[in-house]
Amino acid sequence: MDSLRGQGGIQMLLTAEQEAGRIVSAARTAKLARMKQAKDEAEKEMEEYRSRLEEEYQTQVSGTDQEAAAKRLEEETDGRIKNLKDSGSKVSKEIVKMLIKYVTTTGA
């Protein structure tokens, strides 16, 4: 009878060991699944953060480019206006002299 009890006890221990193995295996599987999910979420957040930073950078760069282009264009325009005024003032003196000469000179 003790041998039957001993075999039953051994059988119970084996069954408990198998059940514990299944529980440990399920826990490992769940842990791996949670780790994969956490990794995927972290990669998604990193990509969103990277995209936001890239967008901010491009906005800054394009704003800087536009500001620089506007400043350069304004400087070029001011330079051209100054050149035209200088040229006009030089030529206008000659034109005034020429007009006075033709108006005061008789054609006869």
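E76 and R72 are 4 residues apart in helix α1, and therefore about one helical turn separates them; in this predicted model, the two side chains form a salt bridge whose closest N and O atoms are 3.3 Å apart. E76 is partly exposed, with a relative accessible area of 36%, and R72 is likewise partly exposed, at 48%.

R22 and E19 meet through their side chains in a salt bridge, and since they are 3 residues apart in helix α1, which covers residues 2-104, about one helical turn lies between them. R22 counts as partly exposed at 48% relative accessibility, as does E19 at 37%. E47 and R50, also 3 residues apart in helix α1, form a further salt bridge, with E47 partly exposed at 41%.

| Salt bridge | N to O distance |
|---|---|
| R22 and E19 | 3.0 Å |
| E47 and R50 | 3.1 Å |
| E76 and R72 | 3.3 Å |

The chain as a whole contains 1 helix and 0 strands, and its C-alpha trace spans about 160 × 15 × 10 Å along the principal axes. Its radius of gyration is 46 Å, whereas a compact globule of 108 residues would have a value near 13 Å. Buried residues account for 1% of the 108 residues, and the accessible surface comes to about 10,300 Å², 60% of which belongs to carbon and sulfur atoms. The mean positions of the 19 positive and 20 negative charges lie 6 Å apart.

An unreviewed UniProt entry places a "coiled-coil region" at residues 25-59; over that stretch the model is 100% helix and 0% strand, with the end C-alpha atoms 51 Å apart.

Terms used:
Residues numbered from 1 in each chain as written. Predicted model: local features only at pLDDT ≥ 70, side-chain atom pairs only at ≥ 80, totals over all residues. Heavy atoms only, no water. Helix = DSSP H or I, 4+ residues; strand = E, 2+ residues; numbered from the N terminus. Rg over C-alpha atoms; globule rule 2.2 N^0.38 Å. Buried < 20%, exposed > 50% of the residue type's maximum accessible area, 1.4 Å probe, protein only. Areas by Shrake-Rupley, 256 points an atom, 1.4 Å probe, with all protein chains shown as cover. Lys, Arg positive; Asp, Glu negative; His and termini not counted. Charge placed at Lys NZ, Arg CZ, Asp CG, Glu CD. UniProt positions renumbered as here; feature names shortened; annotations may be inferred. Salt bridge = Lys/Arg side-chain N within 4 Å of Asp/Glu carboxyl O.
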